[in-house]
Amino acid sequence: MRWIDPNTRAALTGSRSADTLLVWAWYDGQLLYPDPLPVTSWSFSWDEGRQIQTLNISMADTEADRMPWLLEDPLGVAGTRLQCIYQVGGAGSVSMGEYRVTQAEPEEKWRSYVINHKGFVEPDSAIPAGKRQVMVSGGASLDLSSEDLAVEASMADLLAPESPKGGSPTILSEIARLMDGIAPVVSVTGVVDRAVNKTLIYEVDRLNAVQDLAKRIGCNYRMNGDGQIEIYPLEQHGEIRILRGGDDGMLVDVQRGQKLEGLHNMFIADGTATVRGQEVPIRGIATIESGPLRVGGPHGARPYPFKYESTMLTSQSQCDDYAIKMRDTQLAGLTQDLQVTCLPDPSVQCGDWVQVAAYMV
């Protein structure tokens, strides 16, 4: 979770005035404006199933002097970054991190007036002598789409396939090397590093390589409030936020439902082993053997649709172990689907765990 001071945390469950998002624009390491952007509406979209998270903002500009034309203009898409700080009403603030502008859509309005201008004549114009037409800005608005700094890695493809470097590379050291110059790499408590196979070959997609490495130690990544790429375990970890209703709670509404989609009971991990100098494919399969989702039961056999395939799996035991981890991760997350509406909590990130107090008869 993002760090939050005790006073602000207490304010989350109390009576607070309207929250705001402070957005500062930067380009090439320089602050573009001395004040935050005049944001009128904003929305974050976070999904652990996506590689890149997004932020959309709308802003008003009565003078229309912030509307980009050129790529390098302030708020253009050629490198402008948005530093975002969530201001909790009546309390402190939480850093939400940096986002790169990926799309800018300005809308401007202009008004035409004819004014007196003694001695002025406009040749070949219907406007009479002594008068002049002027255009006055009627204000402007700007919609900005932005993505977290993982987008920098997604655009920075490797120039050619490559393998791990250094004497004794590990998963975390390789992620740090791949992200060098893009974002610092940190890990949260519970992440267990391990050596990486030096015969591994990364294809040209840098971000896929980072995610593949993280999955090998049962982890994923996210961009934190300090602009770092943070490696976190997929299993339960860290502080567990409790969402409950009532006057001092944050929970507004909770509904539940069930879907057949996603209930898999067979998990496959493919790798490549070297046998007598020849590369041969190897496969590990783990299945759910008991309970309502067991293979051979009324649920049937439902293989996970996206088998895991990696050149880092070089033995049968490694394939078997990873297939088992996929199965156990599925079982650990096998809970009732809940649709939860709650007050905003800017400290919660993708990958964090929460408990929901749902009352039962």
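This is a predicted model: local features need pLDDT of at least 70, side-chain atom pairs count only at pLDDT 80 or more; totals for chains, interfaces and linings use all residues.
## Overall form

The protein has 5 helices and 17 strands. Its radius of gyration is 27 Å, well over the 21 Å that the globule rule gives for 361 residues, so the protein is more spread out than a compact globule. The C-alpha trace spans about 95 × 60 × 40 Å along its principal axes.

Buried residues make up 38% of the 361. Among contacts with a separation of 6 or more, 70% link residues 24 or more positions apart.

## A three-stranded sheet

An open sheet is built from 3 strands in the order β8-β10-β9. Its pairing is mixed. The edge strands are β8 (185–187) and β9 (219–223). Each has a single partner strand, so one side of each is left without a neighbour in the sheet. Neighbouring strands are turned by 30 degrees against each other on average, direction ignored.

Strand β10 (residues 229–233) pairs with β9 in the antiparallel sense, over 5 bridges. Arg222 has Glu230 of β10 as its bridge partner. Helix α4 (residues 206–215) packs on this sheet and touches β9 and β10. The direction of α4 makes about 135 degrees with that of β9.

## Helix α5

Helix α5 covers residues 316–332. At 1.5 Å a residue, its 17 residues should span 24 Å. The end C-alpha atoms are 24 Å apart, which agrees.

The buried residues of α5 are Cys319, Tyr322, Ala323, Met326 and Gln330. Seen down the helix axis, they fall within an arc of 100 degrees, so they line one face of α5. What do these buried residues pack against? Their partners are α4, β13 (266–275), β14 (278–287) and β15 (308–309).

## Two residues with positive phi

Asp28 lies in the loop between β1 (20–27) and β2 (30–31). Its phi is positive, about 55 degrees, although Asp28 is not a glycine. Asp28 is exposed, with a relative accessible area of 69%.

Leu75 sits in the loop between β4 (54–61) and β5 (81–87). Leu75 also is not a glycine, and its phi is positive, near 70 degrees. Is Leu75 buried or exposed? Leu75 is buried, with a relative accessible area of 0%.

How values were computed. Residues are numbered from 1 along each chain as its sequence is written. Side-chain values use heavy atoms; hydrogens and water are left out. Two strands pair if DSSP finds at least two bridges between them. Helices (H or I, at least four residues) and strands (E, at least two) are DSSP runs, numbered from the N terminus. Axes are lines fitted to C-alpha atoms, for helices over the stretch in contact, and angles run from 0 to 180 degrees between N-to-C directions. Contact means heavy atoms within 4.5 Å. The expected span of a helix is 1.5 Å times one less than its number of residues. Buried means under 20% relative accessible area, exposed over 50%, partly exposed in between (1.4 Å probe, protein chains only). The arc is that of the directions from the helix axis to the C-beta atoms. The radius of gyration is taken over C-alpha atoms; the globule rule is 2.2 Å times the number of residues to the power 0.38.
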